[in-house]
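Dear colleague,

I am handing over the structure we spoke about, with some notes on its charged pairs and its interface. Please read them with the coordinates open beside you.

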Amino acid sequence: MKKNLFGTVVALMMWVAGSAQAEVDAKAAQKFVEEVTTQGIEQIINANVSQTEKDKRFEKLFNSALDLDFIGKFVLGRNWRSTTPAQRQAFIKVYRELNIKTWSKRFDEFKGKSFTFVGTTPSSSKGQVYVDSTVDMGEAKPVSVKWRVRQEGNEYKIVDIVIENVSLAITARNEYSGFIKNNPGGVDALIKDLQNKVNQA
Amino acid sequence: MIRKSVLCTALALVMGLTTSCASNSANQDQHVDEDRFETYNRAMFKFNYRFDKYVLRPVAEGYRAVTNEFTRERISSAIDNIKEPISVGNHLLQGNIKQTGIGIARFGINSTLGLLGMFDVAEGWGLKREPTEFDVTLANWCVPDGPFIMLPFAGPSTPRAAVGDVTDYFMNPLYWATYNDANIHDKVTYSYTGVNAIVLREQNIELLDELERGSVDFYATMRSAYLQNRKSMGCHAQEDKSYDFDFGMDEEDQAFDEMED
């Protein structure tokens, strides 16, 4: 009888723990981000290959780790609702290209630096969690980098990166809504301008 | 909180604005009022941008061309040392006694053994630099930030940041060391301000270039990053998770309406 009760309690606890994890598996999310950063540092920054190969590897890692469809929708803000499917597709495409280009260039700045993972914090959005890390900057204060991770089934994707409290998604969103507000060409003009940026980069 | 109300009055007088010092929390996540001077700000941004393009950036590049990294590090370190008393005063105002002591020791050691601060000797002795400023002190006292303002030459700011900068200026040891001789005083403080601007600009050449290259609205990008970063300061820092916007797509309409500038 006692043993039975014990078993029930254990089963119940496991069930509770299990259902809590169904929401979002913070540990697995952290492991995912750790893997992405390790891969970036070992296979791209520190790899002894040509820049073209590095760019190629970066693009692959970027596309597999970040959910650009999801981010792009947020970044376009309220303008998303008034756009046609063709515009949306064009925007996501050029937004992806611009990010890959600018970040693969800046990626080398991380040379010799490493991420220290310090834990996770909950997010207000369902199925999402922040993986908290710091980057050692030598004499200066370490920089805080928070990775916003979204879980879908067993798949994890980064949906935002928050550096020293500055969210890249919010910054892009404010930038684009600022542009659209001051530009009669609206979303089409934005897509054109972004394309110009990609071509220049 | 007499001090706080005096500060608020000062803020209001200096900036000609009504800063609501009574309600700190109401100021929290409202993006609405943060750029009520956008037309003026964008014009001033344009002016600063031109000044930077034709004056400050070329000078900073020249400075980089005629110095090597070692020299630049010595200069930047000496400037950090000059600013040390500002940090000391503010650590004290923030009630951080330990860091106040460390700052005093650092200033003493680095000004002498560190050859006027060119070398950070104290760092090697475990006395780590922890810079702070009056803006941070005000934030710790829960003084609200106020709207975004683009200042001529100085760039992105807010009333609180501006009051902080002015106060720091008066806390600068160079200001006091030359106080009795008006002639030297002006020369020293102007030179210091100029050198400081050039050194800072040189350190950020690549960063700002990159930011601009990837941005379709450089003003909006800068404003956004500046204001977000400031939300991590002061007495509301812990509870503020402004970056944790609602990503849930079901409530997108509501979330979008709340977030737009």
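Which residue forms a salt bridge with B:Asp135, the closest N and O atoms being 2.8 Å apart? The partner is B:Arg230, where a salt bridge is taken as a side-chain nitrogen of Lys or Arg within 4 Å of a carboxyl oxygen of Asp or Glu. This pair links distant parts of the chain, with B:Asp135 in helix H6 of chain B and B:Arg230 in helix H11 (residues 218-230) of chain B, 95 residues apart; helices (H or I, at least four residues) and strands (E, at least two) are DSSP runs, numbered from the N terminus.

Before going further, please note that this is a predicted model, in which local features need pLDDT of at least 70 and side-chain atom pairs count only at pLDDT 80 or more, while totals for chains, interfaces and linings use all residues. Residues are numbered from 1 along each chain as its sequence is written, chains are lettered from A and ligands numbered from 1 in the order in which they are written, and side-chain values use heavy atoms, with hydrogens and water left out.

B:Asp135 also meets the side chain of B:Arg160 in a salt bridge, at 2.9 Å from N to O. B:Asp135 lies in helix H6 (residues 134-140) of chain B and B:Arg160 in helix H7 (residues 159-171) of chain B, so this pair ties together parts that are 25 residues apart in sequence. B:Asp135 is buried at 3% relative accessible area, as are B:Arg160 at 6% and B:Arg230 at 7% (buried means under 20% relative accessible area, exposed over 50%, and partly exposed in between, with a 1.4 Å probe and protein chains only).

In chain A, A:Lys31 forms a salt bridge with A:Glu35, with 3.7 Å between the closest N and O atoms. Both residues belong to helix H2 (residues 26-45) of chain A, and because they are four residues apart there, about one helical turn separates them. A:Lys31 counts as exposed, at 54% relative accessibility, whereas A:Glu35 counts as partly exposed, at 45%. Over all chains, the count comes to 27 salt bridges.

Turning to the interface, 45 residues of chain A are in contact with 39 residues of chain B, contact meaning heavy atoms within 4.5 Å. The area buried between the two chains is about 3800 Å², of which carbon and sulfur atoms give 52%; buried area is the accessible area (1.4 Å probe) that two parts lose on being put together, summed over both. Two salt bridges are counted between chain A and chain B, and B:Asp244 forms a salt bridge with A:Arg148, with the closest N and O atoms 3.3 Å apart. On the side of chain A that touches chain B, the largest share, 11 residues, comes from helix H6 (residues 168-181) of chain A.

Finally, a word on confidence. The model scores ipTM 0.78 and pTM 0.79. Chain B averages a pLDDT of 83, and 80% of its residues score at least 70, pLDDT being the predictor's confidence in each residue, from 0 to 100. Over residues 1-32 of chain B, however, pLDDT stays under 50. Where pLDDT is low, the predicted coordinates should not be read in detail.

With best wishes
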